[in-house]
Amino acid sequence: MVLPVTLRKYFPYALVVVCLGLVYMYLRLSEDVNYLNNHKAIITNHWTGEVQQCIFTPDKQYACKPGESIEVPWYMSVVQNTVDAFK
């Protein structure tokens, strides 16, 4: 398949945007932090299903313990993280 000259000119840029999007998706799904009240947070790794319950101190130190794994489909995580990024 031969692309028209206009598409051939912009194809490398589109490829770079797609690759950057995939890297962004990987990074967002590898560590999802949901902050709760009273300096608590739940950190979820959507690739491994690992969930940690953490307590943060005012000086940015934290202590974590394992939590129950929550089953979330990967496509819903992508949508949720994208929406949260624009808030």
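**Strand pairing**

I first looked up D32, which stands opposite T44 in β2. The model is a predicted one, in which I kept local features only at pLDDT of at least 70 and side-chain atom pairs only at pLDDT 80 or more, while totals for chains, interfaces and linings use all residues. Residues are numbered from 1 along each chain as its sequence is written, and side-chain values use heavy atoms, with hydrogens and water left out.

I then noted that strand β1 (residues 32–35) and strand β2 (residues 40–45) pair in the antiparallel sense over four bridges; I take strands as DSSP runs of E with at least two residues, and helices as DSSP runs of H or I with at least four, both numbered from the N terminus. Two strands count as paired if DSSP finds at least two bridges between them. The hairpin of β1 and β2 has four residues between its strands, and N38 there takes a positive phi near 60 degrees.

Moving on, I found that β2 and β3 also pair in the antiparallel sense, over six bridges, with I43 standing opposite Q52 in β3. These two strands form a hairpin with four residues between them, and G49 in the turn has a positive phi of about 80 degrees.

**Cysteines**

I looked for disulfides (a pair of cysteine sulfur atoms within 2.5 Å) and found that the structure holds one. C54 and C64 form it, with their sulfur atoms 1.9 Å apart. The torsion about their S-S bond is about 105 degrees, so I recorded the disulfide as right-handed. Because C54 lies in strand β3 (residues 50–56) and C64 in strand β4 (residues 62–66), the pair ties together parts that are ten residues apart in sequence.

For accessibility I use buried for under 20% relative accessible area, exposed for over 50%, and partly exposed for values in between, with a 1.4 Å probe and protein chains only. C54, at 2%, is buried, whereas C64, at 34%, is partly exposed. I also checked C19, which is partly exposed at 44%.

**Surface patch**

Lastly I looked up Y26, which lies in helix α1 (residues 5–30) and is partly exposed at 46% relative accessibility. V23, Y26, L27 and W47 form a nonpolar patch on the surface, with about 440 Å² of accessible area together. Patches are made of residues with over 30% relative accessible area and no salt bridge, where like charges are joined within 9 Å and nonpolar side chains (Val, Leu, Ile, Met, Phe, Trp, Tyr) within 5 Å. A salt bridge is a side-chain nitrogen of Lys or Arg within 4 Å of a carboxyl oxygen of Asp or Glu, and accessible areas come from the Shrake-Rupley method with a 1.4 Å probe, where for residues only the protein chains shown count as cover.
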